[in-house]
Amino acid sequence: MLTWLQRDDLSFPPLQNALREPNGLLAAGGDLSAERLLAAYRHGCFPWYQDGQPVLWWSPDPRTVLFPEDLHVSRSLRKKLRQDTFSVTFDRAFRGVIEGCAAPRSYADGTWITTPMQSAYMELHQLGVAHSVEVWQDEQLVGGLYGLAMGRLFFGESMFSRTTDASKIGFVTLVERLQNWGFKMIDCQMPTQHLASFGARSISREAFAETLAKYLDEPSSARWEP
């Protein structure tokens, strides 16, 4: 049975209580306060819902992750990375990145990055937990991604691209930087062919929870500077 969260209770049900169909639906309700979002990621779940729905919390099994040392970069993309076509920054334009991720896409109706969702992650950014990667071309923001950094773990949320390979360049730059900072895992949530091409793979919910417990409070050498 699906658990409904109360606004004054930040606890979540055990991950093994998540439904099999739809895969990983753990709870509904509550809010998008910074305290609840942080509690959710620490617990191993994340929000995803459409306009008109209550907030839905998910912990899919299996979980798609990328271990930084498994990153695969194609020869053509590596060549483009060596060129001066794009520049990559961190935390310089968080609002621009999340708005880019929320913009309409030709292959999807609507967006799950609603206005309340944007406001919630903007607050997490102000708290120093949510971070953005920006990709620039001729001083124009042409791609990027955002997510949360907690301990030695990065929880990826969404990416966008306005020109070919822009988001890929941002993603590869981020993963390589995270590896240098001692991060152990990047949560990609759900599988896509795009992520698989970079080396992302599926692990069990149990293995994901074990990795959380091991690295969530481990310090890293991260320096998120604009």
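Trainee: Does C45 count as buried or exposed?
Mentor: Since this is a predicted model, local features need pLDDT of at least 70 and side-chain atom pairs count only at pLDDT 80 or more, while totals for chains, interfaces and linings use all residues. Residues are numbered from 1 along each chain as its sequence is written, and side-chain values use heavy atoms, with hydrogens and water left out. Buried means under 20% relative accessible area, exposed over 50% and partly exposed in between, with a 1.4 Å probe and protein chains only. C45 has a relative accessibility of 1%, and therefore counts as buried.

Trainee: How many disulfides does a search of the whole structure find?
Mentor: A disulfide is a covalent bond between the sulfur atoms of two cysteines, and here the criterion is a pair of cysteine sulfur atoms within 2.5 Å. For C45, the nearest cysteine sulfur is that of C188, 17 Å away. For C101, the nearest cysteine sulfur is also that of C188, 14 Å away. The number of disulfides found in the whole structure is zero.

Trainee: Which residue of β8 is the bridge partner of W136?
Mentor: Strand β7 (residues 130–137) and strand β8 (residues 140–150) run antiparallel and are joined by eight bridges. In β8, the partner of W136 is L141.

Trainee: How are α1 and α4 oriented to each other?
Mentor: Axes are lines fitted to C-alpha atoms, for helices over the stretch in contact (heavy atoms within 4.5 Å), and angles run from 0 to 180 degrees between N-to-C directions. Angles under 35 degrees count as roughly parallel, over 145 as roughly antiparallel, 65 to 115 as roughly perpendicular and the rest as oblique. The axes of α1 and helix α4 (residues 115–126) come within 10 Å and cross at roughly 80 degrees. The two helices are therefore roughly perpendicular.

Trainee: Which residues of α4 make the contact with α1?
Mentor: On the α1 side, the contact is made by A34, L37, L38 and Y41. On the α4 side, the residues are A120, Y121, E123 and L124.

How values were computed: Pairing = 2+ DSSP bridges. Helix = DSSP H or I, 4+ residues; strand = E, 2+ residues; numbered from the N terminus.
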